[in-house]
Amino acid sequence: MLAWTIYVSFLGAAGLALLPREQARLARRLALIVAIAGLGCALGGAVTSEASTRLTTITKVAWVPTLGIEYHLAADGISLVLVVLTGLAAVAGILFSWNIEHRAKEFFAFYLTLIGGVYGVFLSFDAFLLFVFYEIAIIPKYFLIAIWGSTRKEYGAMKLALYSFVGSALVLIGLLAGYVQAGGHTFNLVELARVPFPRDFQMWAFPVVFVGFAILAGLWPFHTWAPTGHVAAPTAASMLLAGVVMKLGAYGVLRVAMPLFPLGMENWSGAVLGVHSWRELFAGLGTVGIVYGAMVALVQRDFKFVIGYSSVSHMGFVLLGLMTLTDKGLSGAVLQMFSHGVIAGLLFGVVGRMVYERTHTRELAELEPMNLGRALPFAGVTFVLGGLASMGMPGFSGFVAELQVLIGAWQSFPAMALVTGVGILLGVAYIIRALQKAFYSGQGTETGSSDRRHSGQPTHDEPSRNRGPNSPAVTDSISLPERIGALILLATTLVVGLYPPLLLKWIHAGLQTPLLSALLKKGAP
Amino acid sequence: MSLGVLPSLILPEAVLTVTAFLVLAADVLWLRRWPGLTRSRGAAVLASLGCVVAVACCAHLAAQGTQSYPPGVGMVVVDPLGSLVQQLLLGLALFTALVTAESRFTDHVGEYFALLLLATVGMMFLAGTENILMIFVSLELVSLSLYAMTAFNKREARSAEAALKYFLFGGMSAALLLFGFSLLYGVTGTLNLTQMPAKLRMTPLDPLAVVAMIMVLAGFGFKVAAVPFHLWAPDAYQGAPTPAAAFIASGSKVASFYALARVMWVGLQPAAGSGVWQALAQGWAPIVAILAVWSILLGNLAALAQSSVRRLLAYSAVAHAGYLLLAVLASPRDGFPCLVYYVATYAVTTLGAFAVVGMVQDQTGEENLGAFAGLRHRAPWLSFCLLVFLLSLAGIPPLAGFFGKFYVFSAALRAPGNLGLLWLVILAVGLSAVSLYYYLQVLKQVFVIEAAPGAPAVSASVLGQVYVGLLAAGVVLLGVAPALLLDRLSAALQRSGF
């Protein structure tokens, strides 16, 4: 059943491509049906399989027998969690792009191709297959941003595509070398993880593959594609980018880089600038990402950049958690992947669709006088709740996830845990700042905004930017699809936050599979 | 073995040669009276039929196992692997004939198809011989036919310029190659590749043999457009009529690479040396490694700056020649299947890309990037096929180009020396990431940029849409199920005794 998440998405994309031109209504309905079917398959697969510590193989057939490549789809608890996340993000993304009229069928065809690739990565247990799906996801991203994006879209799209491709080039080098070093007859992840690669080899292969994947997870200082890409992307694409695509990178680290080359995380023979191992270095970079992302988010003028940098900050938690190599840290990292996927999707939905599509500006300074809290109460409330979740308030999923990462970090890298605390405080600050400026500044009044609406030109102390024609849209109420999309995501983060064992059960089981359990044993100091 | 077996061994080539004359005769006698497009389509049908019959003959011959004529000299050799390559060449010739049927750049239809078929005959002999003299003669047949095909568009000065450049460089390279071969003959006393290894004095390597290897590599370097012997390629690709450019980029490349690999792996294997980092050993491997490095670097970087799509494809061809040279560095057992797989899929892909570019050029009169703006609206199917071709060239899965690269790189890593070629693989993988940029530049025009108002429509005939679609389907199919070709390759390789 789980495998059908992939097939349904690709078939849906092919079907959409064959639709007659200019059938936007039909296209988005078909896309929604396909996404819901995908989510259904994901949930169905999750419900029917037990949280066991074994790998559930779905399909395993020889693909290229001469090279030992198999078409091997399987799932453990971690895959299940992320597959469900992908399904949720896909449905919500389509609901938030209900207003796409321009080349709608192509939009949804690219969108579903991307989704299919993401499902594929989460379900592949053959390194070659995983890499194939990983690369399939690159090209749709480019077109989604370059065609339907805004603000320097071609630059953002190309930057994203090239960063992704460079990352995957690094991964390919590491995988090829590992494959040949292991004798060149299998790409099976579980079998490759059993191969005792020489320590010298792992010492260079681990960082290469780690960085290759982590580029996509927003590892500082290779994160710069993320804010520009998120900002340039159309709403649904930024929801997917932050929601699931960045998770591909973190997942690759957890699934490929760490189990295959565990010795690469051990201490070097000496220390360089006080850093003793790649593990320490990457944990440090994750911490820098947390603080740096939050600090930069604090001074952004563009509303979407705030959320874009917040993604860098939150993904820092994932990388830090992974590098702790403790049970808590790892499960926190996986939970954070899920949690951030939902929350970032929600926030991008509010900023990109609810606000930007109506006001046609994302400048916080311009949003301030609009008093959106009154004009768009639903958007305001959603952003408050999403913001609380993003800050890590108890009751939301982010709290449980970040707390676990912190505990793990405290066990492995106490100093970094302290620095991370600063990052969390900054996280509260930038969300409140954005919230206050965008929704509840209280400067503009109801009459003020309606004046502007009628006169159709900037009034009194407004800067002389022309946004007369844009203002009327602010009266649009939030449409039903948007409300449903937002509610799905909000409900998810709340349910997981209030009852974390729902997912932790799966994640813990997933960490006990042969592929990862060895990692925890080796990592235990 | 008497002279009597010869006709049966060269049956496919004979069929093609007869077809070439038939096309000429038919054109003079009947087709001439028909209007332009019908005339070239008639000739194309005849040529394609010849190719199909020749494929059948090839398959029939290959089933009889390895044969060589005259025994011990190996002028004509029929072996399963060579036969597979010949069938591939015939397929490429067939599609090139279809491309020719759709373009109207000349009134001498019959001659053009005859030249196309003769070039194919040369390529087939090239793939089916172990004799260096025969290699040289068939290479000349290929080249002379292609020079003429390049110059065929008499309405365009550029066509003549391209042909002259191609001819001058090609003539030079032929001289070098012949010189190299003569030295090789002098050193080993035999023309047969299979007998050379035994007669090559190894320690120390004969200086004459070193000169011979350099000459041979230079000669083949021109043929496959490897840096620094690539200078003719951009002009020839840009100026030549579409079918000629497509055939130079596809068929000629397949045959030349196969012949190069045979010379190196069969004839000069003991003199390989090593291209391993910090352990470079005297032989041809370091030279090939250097050619590969420069081709990959220069091809990819120069392609970044191109505004003409044909020149862009030319530089990308240079880069791909570099990747293919990596396969030559692998051990023959790993190298043969991945070399043939890569060059075959590359040929199919580039043929398709040229077909689309040619159609756009025929209708808009231009082939710079701007001519492709908004092609998605003007020709949706062609745009989709172009997407497949270019992404395959960039190496995006699940298309054939990705698997080809993957296979070549893994074979290069497997070469003896404990990951010794890793430095080359890192370079190749890194620059193939760069290559995505220029392929996306073209695709950006096609899918992202809107066409300027009043841009001419691009309509392709049904036949055109069908064969471009078939090529694209081939690229997808070979990428999704590489085992289709790989299994046949490894079976043929085993039966050929590698």
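Three salt bridges are counted between chain A and chain B in this predicted model. One of them joins A:Glu154 to B:Lys444, with the closest N and O atoms 3.3 Å apart. Five residue pairs across the interface of chain A and chain B are in polar contact, both residues being at pLDDT 80 or more.

On the side of chain A that touches chain B, strand S1 (56–64) and the helices H5 (127–136), H6 (138–148), H7 (153–181) and H9 (199–216) each supply at least two residues. H7(A) gives the largest share, 14 residues. By class, this side of chain A has 29 nonpolar, four polar and five charged residues.

The contact draws 38 residues from chain A and 42 residues from chain B. About 3,400 Å² is buried between chain A and chain B, and carbon and sulfur atoms give 78% of this area. A:Ile139, A:Phe165 and A:Leu176 supply 16% of the area that chain A buries against chain B, more than any other three residues.

The largest nonpolar core holds 415 residues, and A:Phe210 and B:Trp284 touch the most other members. Helix H15 (residues 332–364) of chain B contributes the largest share of this core, 19 residues. Beyond its neighbours within four places in sequence, A:Phe210 contacts A:Leu219, A:Val253, A:Ala257, A:Phe282, A:Leu319 and A:Met323.

Over all chains, the structure holds 15 salt bridges. The table gives some that lie within a chain.

| Salt bridge | N to O distance |
|---|---|
| A:Asp76 – A:Arg255 | 2.8 Å |
| B:Arg262 – B:Asp79 | 3.6 Å |
| B:Lys165 – B:Asp235 | 2.6 Å |

The pair in chain A links distant parts of the chain: A:Asp76 is in the loop between strand S2 (69–75) and helix H3 (77–96), and A:Arg255 is in helix H11 (residues 235–260), 179 residues apart. A:Asp76 counts as buried because its relative accessibility is 2%, and A:Arg255 is buried as well, with a relative accessible area of 1%.

In chain B, the salt bridge of B:Arg262 and B:Asp79 connects helix H12 (residues 251–267) with the loop between strand S2 (76–78) and helix H4 (80–102), the two residues being 183 residues apart. B:Arg262 is buried at 4% relative accessibility, and B:Asp79 is buried with a relative accessible area of 6%.

B:Lys165 lies in helix H7 (residues 157–188) of chain B and B:Asp235 in helix H10 (residues 232–239), so this pair ties together parts 70 residues apart in sequence. B:Lys165 is partly exposed, with a relative accessible area of 30%, whereas B:Asp235 is buried at 15%.

Methods. Residues are numbered from 1 along each chain as its sequence is written. Chains are lettered from A and ligands numbered from 1 in the order in which they are written. This is a predicted model: local features need pLDDT of at least 70, side-chain atom pairs count only at pLDDT 80 or more; totals for chains, interfaces and linings use all residues. Side-chain values use heavy atoms; hydrogens and water are left out. Contact means heavy atoms within 4.5 Å. Buried area is the accessible area (1.4 Å probe) that two parts lose on being put together, summed over both. A salt bridge is a side-chain nitrogen of Lys or Arg within 4 Å of a carboxyl oxygen of Asp or Glu. A polar contact is a pair of N or O atoms within 3.5 Å; within protein, one must be able to donate a hydrogen and the other to accept it, and residues adjacent in sequence count only if both atoms are side-chain atoms. Helices (H or I, at least four residues) and strands (E, at least two) are DSSP runs, numbered from the N terminus. Ala, Val, Leu, Ile, Met, Phe, Trp, Tyr, Cys and Pro count as nonpolar, Asp, Glu, Lys and Arg as charged, and the others, Gly among them, as polar. A nonpolar core is a set of buried Ala, Val, Leu, Ile, Met, Phe, Trp, Tyr and Cys residues joined through side-chain atoms within 4.5 Å. Buried means under 20% relative accessible area, exposed over 50%, partly exposed in between (1.4 Å probe, protein chains only).
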